[in-house]
Amino acid sequence: MTGPFNNLPSEPEDRAAFEREWQLQERARREQREAHTAGGNPGVAEYRLVSAALRRPPASRPPSNFAHAVAELAALAHARPRWTCASSSACCVA
Amino acid sequence: MSQTTRLEEDRALVAAVQAGTPGAFERLVRQYQGLCWHVVQRLVRNPEDVRELCQDTFLPVHQCLHQYRGDSPLSGWVGQVAYSMGKRHLERKRIPLAEALHEDGPSPAELVPDAFDLEATVAGDELDRHLHAAIEALPPLQRTLLTLYHLDELPIGEIATITSLAENTIKSHLFRSRKLLRAALVTHMGVAA
């Protein structure tokens, strides 16, 4: 495959090979998500297993009181009299 | 849910927060904390850091909510701040965000002679552990992109908004990471057989 690692291939043959494999990956993702019966394509079957593993949520989750605690902190921060939105805040520069 | 309905709900939620409606911001956090957690957790991993960075994500979101124009999903905005927080954390720790993946592994499909009932026959705990270890071994950026695409089911366009990467770059990362995971799977099945 040509080109830097984060770009799509530019050569027509490489591009065609990329598209074929990409379609295989996407078909597996769709079929796994929609719980279709597994078909007879070995490539799709393998990608379905990959897709199933990728759809499993990480073990760590937000604590049950997370939203409440953050909302309280936000209310406190907002109540500060001299607060202004800093231009370097992550939301402003992201 | 259609994109229009989603945007209307986002606008209504933001308006409620800005109007000081009790519980509105908590509702917003509850709605997007999962996405935020996924983004940060995939980048950072340490549970304490994840919690702190997620908290640090929602505070500026609250402070800058007046800047939300309502023309794109709030998930993209929250995800963007979460991604930015996680990325800065990695930079501070001098942990590389992305690395090139090498695809030259064993040829995949040919190594499995009969994969008709592959999912039913080999989806055991051991295989599952192996795949998860392979996912965890990916660089932070690739882990995050895969999670946003497969678990959170975000379209590539929205992931581009969150990460500020070009759509083709995201597609390329997804492609190569999935190909690598498939190769790891096939190698493991070949060894286990």
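**Helix packing and a pocket in a predicted model**

Hi everyone. Let's start in chain B, where helix α7 (residues 140-151) packs against helix α8 (residues 156-163) at an angle of about 140 degrees, the axes lying 10 Å apart. Axes here are lines fitted to C-alpha atoms, for helices over the stretch in contact, and angles run from 0 to 180 degrees between N-to-C directions. Helices are DSSP runs (H or I, at least four residues), numbered from the N terminus.

The α7(B)–α8(B) crossing is right-handed, meaning that the near helix is turned clockwise from the far one by less than a right angle. Leu145(B), Leu148(B) and Tyr149(B) of α7(B) touch Ile156(B), Ile159(B), Ile162(B) and Thr163(B) of α8(B), with contact meaning heavy atoms within 4.5 Å. Six of these residues are nonpolar, one is polar and none is charged. In this scheme Ala, Val, Leu, Ile, Met, Phe, Trp, Tyr, Cys and Pro count as nonpolar, Asp, Glu, Lys and Arg as charged, and the others, Gly among them, as polar.

A word on what we're looking at: this is a predicted model, where local features need pLDDT of at least 70, side-chain atom pairs count only at pLDDT 80 or more, and totals for chains, interfaces and linings use all residues. Side-chain values use heavy atoms, without hydrogens and water, residues are numbered from 1 along each chain as its sequence is written, and chains are lettered from A and ligands numbered from 1 in the order in which they are written.

The model scores ipTM 0.79 and pTM 0.81. Chain B has a mean pLDDT (the predictor's confidence in each residue, from 0 to 100) of 86, and 85% of its residues reach 70 or more. Over residues 105-117 of chain B, though, pLDDT stays under 50.

Next pair: α2(B) and helix α4 (residues 74-92) of chain B, whose axes come within 9 Å and cross at roughly 35 degrees. This crossing is right-handed. Among the α2(B) residues involved are Leu28(B), Tyr32(B) and Leu35(B), and the α4(B) side includes Val78(B), Ala82(B) and Tyr83(B). The contact divides into 13 nonpolar, four polar and one charged residues.

Finally, which element gives the most to the lining of the largest pocket? That is α3(A), with four residues. The lining has nine nonpolar, eight polar and one charged residues. Thanks, everyone!

Terms used
Helices (H or I, at least four residues) and strands (E, at least two) are DSSP runs, numbered from the N terminus.
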